[in-house]
Structure formats: structure tokens, C-alpha cells
2 protein chains.
Amino acid sequence: MLSSPLAPGSTIGILGGGQLGRMLALAAARLGLDTLILTPEPEACASRVATRSIVAAYDDMEALKAFSEIADVATFEFENVPARVMELLQMVAVEVAPGPLALATAQDRVDEKTFLNRCGAPTVKFVAVDGVQDIVAGLERLGAPALLKTRREGYDGKGQTWVAGPADAAAAFERIGGKPAILEARAAFVRELSVIAARGWDGDSAFFPLGENHHENGVLRRTLAPAEASDRTIADAKAIAARILDGLDYVGVMGVELFELEDGSLLVNEIAPRVHNSGHWTLDGCEVDQFEQHIRAVAGWPLGPTHALARVEMENLLGAEIDAWPALAGEANARLWHYGKGEARPGRKMGHVNRLSPLT
Amino acid sequence: MLSSPLAPGSTIGILGGGQLGRMLALAAARLGLDTLILTPEPEACASRVATRSIVAAYDDMEALKAFSEIADVATFEFENVPARVMELLQMVAVEVAPGPLALATAQDRVDEKTFLNRCGAPTVKFVAVDGVQDIVAGLERLGAPALLKTRREGYDGKGQTWVAGPADAAAAFERIGGKPAILEARAAFVRELSVIAARGWDGDSAFFPLGENHHENGVLRRTLAPAEASDRTIADAKAIAARILDGLDYVGVMGVELFELEDGSLLVNEIAPRVHNSGHWTLDGCEVDQFEQHIRAVAGWPLGPTHALARVEMENLLGAEIDAWPALAGEANARLWHYGKGEARPGRKMGHVNRLSPLT
């Protein structure tokens with residue numbers, strides 16, 4: 001618990017060196033805060049803009065010691081940092097936000113959904129899976145087809161597969177590598193929404209307008225924000241996010257992915273205990289974007305305003321799509337964000353573009 | 001002359017390490033461009049966010065060699081960099097923007113006003129001063145009181161003094177250190193305006209809306225933008241700025257300070273061949289701010305849009321005024337920019353705040 005806001009000149013330690021860390025570092029800089037990146041990647045794009053960086057494995061004890069001596073508070077941009085690392089940092093008296101509980105909960109899909117249901121955030125029905133038998137039994141309870149996902153890791157559609165029926169159970173378990181898993185009922189959703197929420201050390205919370213998300217091949221393709229939605233849907237989404245933030249005594253920005261069902265009700269798909277791709281629209285659509293909001297929360301500063309100033313369509317630039325940068329840079333009302341990554345591997349998130357139009 | 005835009009991953013070399021360099025580095029980063037700062041200051045605030053930095057005097061040949069090997073193009077954020085340094089960089093095949101001619105012209109107040117008048121940008125009447133006799137003769141031509149300024153250096157009201165009349169000539173010359181100088185007629189202006197202009201390698205230009213500037217003790221206190229002004233005044237200001245940019249074959253962002261006279265006509269007070277304090281409002285008032293605009297121009301990218309999205313009052317935070325950051329961070333519709341400088345010496349520019357309101 002920070003007792004007072006970190007003064008400019010303090011250092012925000014960030015575990016992870018990808019584009020989220022890069023945009024966090026840029027946000028910290030406008031507030032006069034330094035940043036320290038810890039990443040195993042020698043050419044991490046966040047390190048190119050951070051004040052300092054350390055290249056080491058996340059669980060390298062020497063590196064964590066050096067990190068803890070410089071950082072005045074620690075956060076992460078990559079949710080597969082071992083939760084134990086955050087506990088270690090707390091043990092050497094570095095404040096950590098979000099805390100290890102939030103990180104550990106979000107790292108295990110069974111723990112996550114169990115927590116969500118307990119705090120009143122509805123999800124699809126699910127069962128924990130340790131072997132093929134659990135899948136067969138689960139299909140009886142949940143119906144077929146159902147979605148099998150590894151309990152840990154996996155993102156952007158990796159580590160998951162549909163199970164067509166009992167006859168497919170063994171093959172499906174093999175497709176995800178035979179790892180501990182979760183079997184989820186199919187959600188009859190009409191669209192995917194997300195809410196980017198933030199909570200400070202003092203429990204104060206703030207919520208950006210909803211985004212409507214469109215995926216391709218399991219990867220976010222575009223977000224439209226503020227999403228067209230009824231007042232009830234907006235209120236429900238914020239109420240759900242608030243219950244999650246409070247339930248985890250959360251500090252920082254969280255992305256909450258939602259399914260909207262035909263009757264307008266909402267289920268939580270998953271939570272990301274960090275700034276989130278579906279919140280990139282806030283970079284050009286809001287006074288304070290999600291990255292500055294996270295820095296503010298983590299550093300004990302007051303949360304910023306969250307209302308939209310423009311309507312934004314955010315489009316991810318994957319792999320070689322980034323080669324369109326000269327045209328995008330010249331496109332009217334389009335704001336290009338280029339992450340400065342070296343190699344444009346297929347599907348890699350290389351940048352995004354925010355297309356602005358007036359609020360209607 | 002750049003033949004094609006610099007690709008992301010290229011390095012913008014910046015001479016100077018102050019807040020203007022810092023905000024240029026942040027702007028470059030969102031476009032995926034790296035930055036290299038050359039500064040004599042070991043604790044320069046720009047170096048904390050740049051990809052790399054070199055600490056050396058501007059005319060340190062070894063340092064310039066290292067700088068030229070990394071930078072794909074060179075620019076400056078501090079107009080007292082020796083123009084010879086920019087020429088040297090050109091000689092080792094580093095493109096330089098703005099070019100040495102613009103820098104040299106802006107560094108000498110007599111050369112600057114001579115150039116301005118030649119290209120059709122009106123100024124107050126003036127005479128060159130090499131000794132007390134020139135002041136006495138000048139007062140006869142220009143009337144008294146008149147303003148005596150050193151030809152070179154001096155900013156924020158330093159190196160200048162009013163000459164009350166012939167009897168004050170000798171003392172006035174002593175007050176400015178007996179250096180080569182310019183004597184300027186008093187301008188009967190009703191207010192000070194500025195226009196932030198940009199020009200690319202291809203000659204394309206763009207102009208932000210006018211700012212209305214209020215000074216205290218010779219230092220900019222606040223800018224209101226877009227300034228209330230007649231269509232004629234706006235058109236005149238842009239036409240004047242365009243003549244200056246074209247006359248210098250200028251590449252980059254320039255600040256053009258103007259006096260508005262009682263009859264609505266404009267005189268150029270001075271030009272700054274760089275991003276300018278009176279353009280800080282664009283950081284929160286425009287899609288593309290003056291820093292990104294400068295990076296775009298210098299890197300051969302298309303210039304961005306310049307229309308205002310909001311009305312902004314920019315207020316400088318000088319010296320200990322920066323201590324108000326916790327309140328400013330919590331102020332609705334205020335955007336704090338903290339430069340991350342160490343010591344809040346009296347009068348030092350430590351940050352600024354942009355207060356936003358809707359366009360009317």
C-alpha cells in the first residue's frame with residue numbers, strides 16, 4: 001500500500017518488454033516518472049524508450065535484486081510473469097500492483113472463473129479437466145460442442161480447441177498437449193465487448209466506455225469504441241468490473257472481456273490483469289489513456305477522466321500489415337502507433353491505427 | 001534532402017537534451033523511431049526517454065563522429081547549437097533539418113530581421129549596433145525608447161534592455177555586456193500571437209491555429225489557443241509564416257512570434273527554428289502535436305493534420321510551481337506535463353499544464 005503518490009523522478013519497475021510496456025513507459029514519461037524494464041529479450045521494444053532496462057529471466061534472483069533496488073513500485077505488462085516473482089518483490093519491500101493474488105487468479109482459468117462466479121461476475125458454466133474422463137463427464141453437464149482450454153498460459157486463441165462430442169474427447173485433450181485444462185460451455189453470444197477498468201490504492205475506481213471487439217483467427221482485429229450499447233448494458237458491465245476489482249483488492253488497469261447474449265445479459269469471458277489491446281483506442285479517444293491510467297493507479301496518483309472525446313476504430317497491424325505505415329501515416333484522421341519491433345513475423349502485433357470520427 | 005521517409009527503426013539524432021528534446025523523443029517513439037540525444041548535460045531530462053544518448057560538448061569532434069554514425073537524420077531542440085556543427089554533420093553525409101542557414105539566420109538578430117524583411121515578413125524598424133554611437137544614431141531614426149538586444153544568444157528576456165534616450169545609450173550598452181547588438185523600435189502592439197508552422201522536405205507546409213501569448217518578466221506564462229482572431233489576421237499570420245519557411249527552404253517545425261498592432265496588422269517579433277513553448281497546447285489540443293509534426297517533417301513523413309480538437313489554455317510551471325503536481329494531476333480537464341528535471345531552480349521550466357475546454 002502506497003501511503004502517498006510517488007513523486008516525479010521516482011521509478012516504475014515494469015516486468016515485460018513488449019508494446020504494452022513501451023506505451024506504459026511513454027505514459028510515465030509525460031508525468032515525469034522514470035521507468036525500469038525487466039525482460040529476457042535483449043531487443044525488447046519497451047527498453048528503447050524506458051529510462052533503464054535489465055535483460056534477464058523473470059526469476060533471475062540477481063536481476064530481481066537489482067530491479068528492486070531501483071524500482072519504487074513494480075508492475076507488469078505480461079501476465080505470465082510467475083506470481084512468485086511478485087511475492088518475492090513484496091518480500092524485499094517493493095510495492096507491487098496489481099498484487100500477486102490478481103496475477104495468480106488470472107493465470108489459471110479454473111481459479112479465475114471460480115473467483116468470478118464467487119464475486120458475482122457471471123461466466124459460462126465450466127468444469128476442471130485433468131484427464132479425458134473429465135471431458136466426457138463435462139460434455140454431459142455442459143452440452144456439446146464445448147471449448148477446451150489449458151488452465152495456464154495460452155493467449156490469442158493458442159492452447160484451446162473445440163470438443164465436438166465424447167468421441168472427440170481423447171483427441172481434443174491431445175490437441176492441447178494433455179495439460180490440466182478447463183472445459184467451457186459454448187456461449188451463445190451475439191458480440192464481444194470489453195471494459196477497461198482501473199482502481200487505485202485508495203479503492204477509487206474508474207471505467208472507460210465499452211469497446212466492441214472483433215476477432216480473426218482468435219486474435220483481436222479491431223475495437224469500436226465507445227460501443228453502441230444500452231444504458232443497462234453499460235451499467236451492467238461497469239458493475240461487473242467493479243465487483244472484480246474490489247474482489248481482488250486490485251490496483252491498476254484491468255481488461256474485462258465480456259460476451260453479450262441475445263437477451264442483453266453479459267458473461268465475463270476472461271480478465272487480463274494489465275492494460276489491454278482492446279483499450280488502445282483510449283490513446284487517441286480520451287484525455288487520459290489506459291496506459292497513463294495504469295501508471296496513475298500504480299503510482300498512487302488520482303485516476304484520470306475516462307469519457308470519450310471521439311469515436312475510435314482501433315485496428316491491429318499484424319505481421320507484414322505494418323508495411324503499410326507510409327500510407328497510414330498520411331491517412332486523414334488516422335493515428336498510427338508503431339511499436340518499433342524489429343522483425344514482422346506473421347501474426348505478430350507490430351502496431352495499431354486509431355481512426356477517429358466525431359462522437360454522435 | 002531525404003529521398004524517401006525514414007522507416008521505423010531509424011534514428012533521429014537530436015542536439016540538445018531539454019524538455020523539447022524529451023517531448024520530441026516521446027513523439028518519435030509512437031512512430032516507431034529511435035532517438036539519440038547529444039547533450040553536454042549528464043542528467044538531461046531528454047536522455048531519460050531517448051533510446052540512446054551521448055554526453056559531450058556540441059563541438060566535440062569525437063562525439064559528433066559517434067553521433068553521425070548512429071543518426072539517420074539530425075535536428076536540434078536548442079537553437080544555440082553552433083551552426084558550424086550542423087554543417088559538419090552535413091559534410092559527413094548526415095541530413096540536417098532545419099538546415100544550417102535557418103539556424104544561423106535565427107541565431108543573429110540582425111541577420112534574422114534583415115532576412116525577414118527581404119522575404120516580405122514585416123518587423124519593427126531596427127539598426128545594427130557595434131558601439132554607443134550606433135545606439136545614439138539609431139534612436140534618432142527609431143525614436144525613444146527603443147529596445148537594445150545582443151545580436152546573439154539571450155532568450156526569455158535575457159540580454160536585452162530598454163534605452164530611454166541618448167543619455168542612456170552608454171549605460172544601456174554596458175547593461176547588455178557591450179556586445180554586438182540590435183536596436184529595435186518600440187512596437188505599439190496590442191497583443192502577442194504566435195503561429196507554429198511546419199514544412200517538409202517536399203515543400204509541403206502546415207500551420208497550427210494561432211496562439212495568444214502572455215508573458216511575465218520576459219518569460220512565457222500562458223498561451224491561449226486557438227486564439228480569437230479575425231479571418232484576415234489568421235490568413236496574414238499563415239502567409240507570413242509561409243514566406244519565412246519558403247525563404248529558408250526550411251524543414252521542420254518553426255515558432256513564429258508575432259505582434260498584433262492596433263490596426264490588426266502583424267509584425268514578426270522573432271522566429272525560433274524549432275518546436276516552441278507556445279506550441280505546447282497542441283499536445284492535448286490536436287491530433288498530431290508540434291513534436292510529432294517536427295519528427296514527421298524531419299523524417300520525411302507526411303505532415304499531420306493541424307486543426308484544433310479543443311480549446312486549450314497552456315500554463316508554464318516555473319521553478320517551485322511544479323510542486324503543485326499532485327493537485328494538477330487531480331484537476332478535471334487539466335493535462336499535466338512534467339519534464340522530469342531534477343532541480344526546480346527559480347524560473348526554470350519544469351513542466352506545463354494544458355487546461356481543455358470545448359471549442360466554441
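Author: Let's begin where the chains meet: 31 residues of chain A are in contact with 30 residues of chain B, contact being C-beta atoms, placed from the backbone, within 7 Å. This is a predicted model, in which local features need pLDDT of at least 70, side-chain atom pairs count only at pLDDT 80 or more, and totals for chains, interfaces and linings use all residues. Residues are numbered from 1 along each chain as its sequence is written, while chains are lettered from A and ligands numbered from 1 in the order in which they are written.

On the side of chain A that touches chain B, at least two residues each come from helix 1 (19–30), helix 11 (325–329), strand 17 (334–338) and strand 18 (349–357). Helices (H or I, at least four residues) and strands (E, at least two) are DSSP runs, numbered from the N terminus. Strand 17 of chain A gives the most, with four residues. By class, this side of chain A has 18 nonpolar, eight polar and five charged residues. Here Ala, Val, Leu, Ile, Met, Phe, Trp, Tyr, Cys and Pro count as nonpolar, Asp, Glu, Lys and Arg as charged, and the others, Gly among them, as polar.

Now over to a sheet in chain B. This open sheet has four strands in the order 6-9-7-8, with antiparallel pairing; two strands pair if DSSP finds at least two bridges between them. At its edges are strand 6 (126–129) and strand 8 (160–163) of chain B, each pairing on one side only. On average, neighbouring strands of this sheet are turned by 25° against each other, direction ignored. Strand 7 (residues 146–150) and strand 9 (residues 181–185) of chain B are joined in the antiparallel sense by five bridges. Leu147(B) has Glu184(B) as its bridge partner in strand 9 of chain B. Packed on the sheet is helix 6 (residues 132–142) of chain B, which touches strand 6, strand 7, strand 8 and strand 9 of chain B. The direction of helix 6 makes about 175° with that of strand 6 of chain B, where axes are lines fitted to C-alpha atoms, for helices over the stretch in contact, and angles run from 0 to 180 degrees between N-to-C directions.

Val190(B) counts as exposed because it has 11 C-beta neighbours inside 10 Å; the cut-off for exposed is 12 or fewer, for buried 20 or more, and partly exposed lies in between. Leaving aside neighbours within four places in sequence, Val190(B) is in contact with Glu260(B), Leu261(B) and Glu262(B).

Conventions: Contact = placed C-beta atoms within 7 Å.
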